[in-house]
Amino acid sequence: MNLRVEEYDKQLFNDLKIDCMKCAGLCCVALYFAASDGFPMDKNSGVPCKFLDEGFMCNQHSALRSKGYKGCTTYECLGAGQKVTQVIYKGENWQSASQKKKEMIEVFIKVKKLQEMKWYLTDALTFSAAEPIKIELVNMIEETEGLTQSAPEEILKLDIEKHRNKVNRLLKELCYLVELSVINLKVAKAKDRKKFVPGHFFMGKNLSNTNLIGADLAGAILIGANLKNADLTGANLIGADLRDANLRDANLSSCLFLTQAQINTAQGSEKTRLPKELVRPMWW
Ligand code: SF4
């Protein structure tokens, strides 16, 4: 059962792909990590990581997982880093313009949130059910894109939550339309699906071989859950915590709002079916 359209504007996804060569290692400066989260050491937000080299690349890149920096391999800025460096600051960086370092970090964190909203809206456009709200989705992508290209002072003043509410209204509409299309399929598989209360706690639960078609798993805690061979067609996975979840042989090809960062933290196999725009992690 495929709920996605065959043809969509792949260009829209290009802006959401990371290009570390065009960034100045912003995530390695902006983000904190801590030994209590499983890292080998603590690093505060705003402090450049000691492994960041002169060209803003990680000098531990090929050994990150074996050295305990798994979190670094799962992080995804969705293109915020290169946008902040190249578009907003026109090639300036936190070293060449060190007086702007704090500002750049705050701008990066906000632009990352906007890029994430753009990812959800773009993902929404790939569903056949989105047809009735297609124009609104495209307009909201353009509006969000416009915000990511504002001057730093405008971005700092931006009420992100207000904008997120507008985006969420559209995403909810899409969920409703996908739900209708799942019901309208009237296949036994769709009728037998399991219903969940949003935000449910499934840490370590065995959901293998489960029919999760159209399930609302928004914000669900699925840490270490067994989803082997589960069917998540039309399931809403926005914000779901999939750390160490077993996605081997699961069907996620038509689930809603899944991100690369979520996939990077989970376990999967060659047979895990992913949405077209997501990349199978090389450690699967
Ligand atoms: S270990 Fe490498 S990827 Fe992780 S923060 Fe440091 S420089 Fe960046």
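**Ground rules.** I number residues from 1 along each chain as its sequence is written. Because the model is predicted, local features need pLDDT of at least 70, side-chain atom pairs count only at pLDDT 80 or more, and totals for chains, interfaces and linings use all residues; side-chain values use heavy atoms, with hydrogens and water left out.

**Overall fold.** I looked up the secondary structure and found ten helices and zero strands. Helices (H or I, at least four residues) and strands (E, at least two) are DSSP runs, numbered from the N terminus. I then checked the dimensions: the C-alpha trace spans about 60 × 45 × 30 Å along its principal axes. The radius of gyration, taken over C-alpha atoms, is 19 Å, which agrees with the value near 19 Å for a compact globule of 284 residues. The globule rule is 2.2 Å times the number of residues to the power 0.38.

Ala, Val, Leu, Ile, Met, Phe, Trp, Tyr, Cys and Pro count as nonpolar, Asp, Glu, Lys and Arg as charged, and the others, Gly among them, as polar.

**α4 and α5.** I took axes as lines fitted to C-alpha atoms, for helices over the stretch in contact, with angles from 0 to 180 degrees between N-to-C directions. The axes of α4 (residues 80-88) and α5 come within 8 Å and cross at roughly 120°. The two helices are therefore oblique to each other; angles under 35 degrees count as roughly parallel, over 145 as roughly antiparallel, 65 to 115 as roughly perpendicular and the rest as oblique. For contact (heavy atoms within 4.5 Å), I found A80, G81, K83, V84 and I88 of α4 against M104, V107, F108, V111, K112, Q115 and K118 of α5. This contact divides into seven nonpolar, two polar and three charged residues.

**α5 and α6.** The axes of α5 (residues 101-125) and α6 (residues 134-148) come within 9 Å and cross at roughly 160°. That makes α5 roughly antiparallel to α6. Residues in the contact include L114 and L121 of α5, and L137 and I141 of α6. I noted eleven nonpolar, four polar and three charged residues there.
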